[in-house]
Protein chains: 2
Amino acid sequence: MRALIFRHYFNQALDHFTFKQGSAKWLQRYFIYDGYRNGASKSPKPIFFYAGNEDAVDVYVNFTGLMWELGKEMDALLVFAEHRYYGESQPVGPGSLHKDPSYLSIEQALADFATLIYHVKETYDALDSPVIAFGGSYGGMLAAWLRAKYPNAVQGAIAGSAPVGAYVSRHNPDFNPSDFWEVVTYDARPEAGAAEHCRKNVHSFFQAMLANKGRQSFWQQLSDVFQLCQAPESGQDVENVAYWVQGAFDSFAMGNYPYPSTYMGGALPAWPMRAACEHLAQMEPSQEDILQGMAEAVGLLYNATRDQPCYNATQLVGPAGPGDTWLFQWCTERAGQELPFYPANGRTDMFWDQGKYDEEQIRADCMKQFNVSGSGDWPVISLGGFDFSTASNIVFSNGEYDPWRIGGITRDISDTVVAVLIEEGAHHLDLMFSHPHDPPSVINARLLEAAYIKKWVQEHSARKPLQKPFGIS
Amino acid sequence: MRALIFRHYFNQALDHFTFKQGSAKWLQRYFIYDGYRNGASKSPKPIFFYAGNEDAVDVYVNFTGLMWELGKEMDALLVFAEHRYYGESQPVGPGSLHKDPSYLSIEQALADFATLIYHVKETYDALDSPVIAFGGSYGGMLAAWLRAKYPNAVQGAIAGSAPVGAYVSRHNPDFNPSDFWEVVTYDARPEAGAAEHCRKNVHSFFQAMLANKGRQSFWQQLSDVFQLCQAPESGQDVENVAYWVQGAFDSFAMGNYPYPSTYMGGALPAWPMRAACEHLAQMEPSQEDILQGMAEAVGLLYNATRDQPCYNATQLVGPAGPGDTWLFQWCTERAGQELPFYPANGRTDMFWDQGKYDEEQIRADCMKQFNVSGSGDWPVISLGGFDFSTASNIVFSNGEYDPWRIGGITRDISDTVVAVLIEEGAHHLDLMFSHPHDPPSVINARLLEAAYIKKWVQEHSARKPLQKPFGIS
């Protein structure tokens, strides 16, 4: 079915909020699938709009099964929009980030989407079609904000695993970034299907790393066991390896799906946290056993294809996602980031004490790398953080196993802004294609999302006219 | 009491939505009055925030009586913020418009206000204080949008005579700019207290102008009767005089207050439309009578102080307000404008047929003057036009006599977005200081606004915490 999808480019404004002379335009990429729209349904046919996030939009076309499945059922027009500065959507030409990253901001991206939606509605003779925004992770944040900020453009939003409140800011006091690692640890409990001694052994691993990080003999041992391309040459190198290992557990938690998936980058097995913990299951392992077990565990992510000759793990761990662009968004508006900026504490989690969230260090690093500095304050002022009390028509879904739920809306806020917690769910499992191994919780979450969407669609078609044409009497 | 008002400057971002290296700041002016905040009231003490519009903010400090009177009653902290590029708030130095007008946009101004509100709350140890936005005209639009777009920053808005829907756009089909002149004409009816034959005579005046505009003898007559500094030398000059006369009726309608007021620029008498019509009251006047009557009528506005030696009326009529800055906002985001862009038709109004609203001509003129072009489309996408169906806690007030009500919200949209039509009211009469000549309608409107504000304040103090701190169990 996806063979018929159409790729389009829309002539988009470079800067929606200032008025430069000449006012440059650029081509934003989006995909449209209209194969369902000719369906026989008599109900109003909606537009499903994916709010693209920090990757080429193809990824979201291929993975957002919910839009395809529900779109078919509801005769929807499917639209997948690419976020500026990702994929082919390069506002100032190829490699835009390095030419001029200025125009990369959440607010500009939202304005792109709102403008594109109006364009699609006109192009497809769909002015009266209700628009439902979808998105996962940062895309889910964008979908929710699109509904909150441009309610004229979208009638509702499905925000999968959207950490809208993940901002360290004096204006958003309820967010604690260290909780992230507590959820990762939560996933390694026996109650979550993991081996009984896993958490203890993971913790021991990091304790051993810290205790031995200054010892040259350990550097060689670590290099041999983990097949590092280059042996550590300092305590800092060992620490970098520790962060690299921690990063694998991050992926095991976010990607803790009930079936094998490539979504997190590597080709992870089903229930990857459980699979990893199988290698760390011994009751009283030696330090050698733990190192060996951990090497096998992280290999699930880093060497899934079994063709990795060695690992470059002594370098400072970079950001997840496609590199610099996402890091720029972290530096300016603190878009989602966990490693190494969200510190574990080694007490409520199985990692080690990484100190406090260090705003000053973050700013200094960002100034060094991009010559810009931001903070969590402006995004909270601009976008509200956890505060969706005045919004409407949003389903926020969060997975029990997904550490990003610490920044998500996990309680119903009103009759129309609702939260669904997906038991045994990882990072926006509900957005994926249906699978025989889906737990009942995600099947129910999708049914609930479908019910809300149908309600929003009906309400839209039953809406009153906005304003009577003017009459002086 | 206003002697104690404090002038402040806030270090504001130049561009909230892009991330330039170096990230310039500038000083935004605002006024604060904290004399009421020490009052004995036990209720939560709110912050009243004036969303400054297209003039130096002093004007709004001096004229927004509702904030002073209600602020005293409610022990409010009063804040009056100046809009960027007006008054002393010059983002790129004195005369910013001519240096670089790029950063003048509605969205930037709203972001300024939201940021400033957080700053004031911190500075005045008022983090829990509910904030109520006030504004009249474009300021009322800003107040309403501030509530709609930054509901975390303001808990409610009083939007006086705010033509939020005054956008000619395919996305906003219910707005017809010509209706503006129909309301002006409505104010000249006997039912509105004007002389019986006024409308007919006004219409005759413009008919005579059109019929004679090519005649040299008429040019001299017109110049003599109106005391023009320079006699017309072309039909175009006569037409310019006609627009200039029409502009006076615009002011008589917007400024049709029940007492003398300087708010519209000149020192208008009470009920200026009635006063103007007194000069155009004859049943069967000669053409000379009509010219003479009209000259006296427009003198109410243009020569209120009786010291004008002659009028420069043959030049093309410029925009109302402080000139270029406001015109730039018209050119980019179609901020409020009536003359000469909103065409009268001479059928449903007492003026003459001025053709269609000419988007192409507007763009061409704007390109010529500022080398930028905008349209009504983007502001409607960005701000929603008439669509406030998802907003909450806004009172939209509109005056029966105010032509800007054609772009206002004049019907209740929900329980919390309500409309009040002020009978015999002109342009945001409700925001002015109380006056013995106030009609009952405006007294009631202010009571209703006060009741809503008190409700919003109470609801804010009774609000639930946003999100429970994270707990994994």
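Which residue forms a salt bridge with A:Arg170? It's B:Glu122, and the closest N and O atoms of the pair sit 2.7 Å apart.

This is a predicted model, in which local features need pLDDT of at least 70, side-chain atom pairs count only at pLDDT 80 or more, and totals for chains, interfaces and linings use all residues. Residues are numbered from 1 along each chain as its sequence is written, chains are lettered from A and ligands numbered from 1 in the order in which they are written, and side-chain values use heavy atoms, leaving out hydrogens and water.

**View 1. Salt bridges between chain A and chain B.** The count here is 2, with a salt bridge taken as a side-chain nitrogen of Lys or Arg within 4 Å of a carboxyl oxygen of Asp or Glu. One of them is the A:Arg170 and B:Glu122 pair.

**View 2. The contact between chain A and chain B.** Each side puts in its share: 62 residues from chain A and 62 residues from chain B, where contact means heavy atoms within 4.5 Å. Together the chains bury about 5,600 Å², 55% of it on carbon and sulfur atoms; that's accessible area (1.4 Å probe) lost on being put together, summed over both.

**View 3. The rotation axis.** Chain A can be laid on chain B with an RMSD of 0.1 Å by a turn of 180 degrees and a shift of 0.0 Å along the axis, superposing by least squares on the C-alpha atoms of residues with pLDDT of at least 70 in both copies. The two copies are thus related as by a two-fold rotation axis. Of the residues of chain A, A:Lys149 comes closest to that axis, its C-alpha lying at 2.9 Å. Both copies use the same surface, as 100% of the contact residues of chain A recur in chain B.

Technical notes. Buried area = accessible area lost by both parts, 1.4 Å probe.
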